Amino acid sequence: MSVREIRVFGDPVLRERAEPVDPVDPATAALVQDLLDTVRLPGRAGVAANQIGVAKAAFAYLVDDELGYVLNPRIDEVRGEPQLVDEGCLSVPDLGFPTPRHPFCRVIGVDLDGRDVVLEGEGLMAQMLQHEMGHLDGRLYLQSLEKETRAVAMHAVRQADWF
């Protein structure tokens, strides 16, 4: 279909909790294709549907050359004490901050045929899963930052030329 524009901090759709999708609906297939096209651009690990203006429970990912998507995902398991990892977000361009993330994450959902999808991993995969699930809950990673870091981040957002 097409690469979609990424919504940035301040856009109300980024605060919306994603609604479940019907996997067999043709509109869902079109959404998945747009997500896949959009995440393929260089420097992208994941794109949630609300980042392209659609408050639906879907995201696409491209991690370690693995391209895919999941519909109606939910976190099944996180493991390990959260560790600070450098993180950025397409919806908060050109900024990055140390963000607490569990070192392991498993997400369960379905594909367009209604078959179960299990995504899990450590490192970047775990970070991406937690990040995209945050988007689908209507949260940006900035809300996960430690108090002092969040204050610095919000100051940087207010100074950004895209805000």
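## Leu119 and its surroundings in a predicted model

Leaving aside neighbours within four places in sequence, Leu119 is in contact with Phe59, Tyr61, Val70, Cys105, Arg106, Val107 and Leu129. Contact means heavy atoms within 4.5 Å. This is a predicted model: local features need pLDDT of at least 70, side-chain atom pairs count only at pLDDT 80 or more, and totals for chains, interfaces and linings use all residues. Residues are numbered from 1 along each chain as its sequence is written, and side-chain values use heavy atoms, with hydrogens and water left out.

**The nonpolar core**

- Leu119 is also one of the residues with the most contacts inside the largest nonpolar core, which has 17 residues.
- A nonpolar core is a set of buried Ala, Val, Leu, Ile, Met, Phe, Trp, Tyr and Cys residues joined through side-chain atoms within 4.5 Å.
- Buried means under 20% relative accessible area, exposed means over 50%, and partly exposed lies in between (1.4 Å probe, protein chains only).
- At least two residues of this core come from each of β2 (58–63), β6, β7 and α2 (123–136).
- Helix α2 gives the largest share, six residues.
- Helices (H or I, at least four residues) and strands (E, at least two) are DSSP runs, numbered from the N terminus.

**The five-stranded sheet**

- Five strands form an open sheet in the order β1-β2-β3-β6-β7, with antiparallel pairing.
- Two strands pair if DSSP finds at least two bridges between them.
- Strands β1 (46–48) and β7 are the edges, and each pairs on one side only.
- On average, neighbouring strands of this sheet are turned by 40° against each other, direction ignored.
- Axes are lines fitted to C-alpha atoms, for helices over the stretch in contact, and angles run from 0 to 180 degrees between N-to-C directions.
- β2 and β3 run antiparallel, joined by six bridges.
- Ala60 stands opposite Tyr69 in β3.

**Helices on the sheet**

- Helix α1 (residues 26–39) packs on the sheet and touches β1, β2 and β3.
- The direction of α1 makes about 30° with that of β2.
- Helix α2 lies across β1, β2, β3, β6 and β7.
- α2 runs at about 160° to β2.

**The β4–β5 hairpin**

- Strands β4 (residues 83–89) and β5 (residues 92–101) pair in the antiparallel sense over seven bridges.
- The two strands form a hairpin with two residues between them.
- Gln83 has Arg101 in β5 as its bridge partner.

**Two loop residues**

- Glu81 sits in the loop between β3 (66–79) and β4.
- Glu81 is exposed, because its relative accessible area is 65%.
- Not counting residues up to four places away in sequence, Glu81 touches Arg101, His102 and Pro103.
- Glu81 and Glu5 are 76 residues apart in sequence and 35 Å apart in space, C-alpha to C-alpha.
- Asp111 lies in the loop between β6 (104–110) and β7 (116–122).
- Asp111 is buried, because its relative accessible area is 11%.
- Asp111 touches Pro23, Tyr69, Leu71 and Val117, again not counting residues up to four places away in sequence.

**Cysteines**

- The structure holds zero disulfides.
- A disulfide is a pair of cysteine sulfur atoms within 2.5 Å.
- Cys89 is in no disulfide, and its nearest cysteine sulfur, that of Cys105, is 16 Å away.
- Cys89 counts as buried because its relative accessibility is 9%.
- Cys105 is buried too, with a relative accessible area of 0%.
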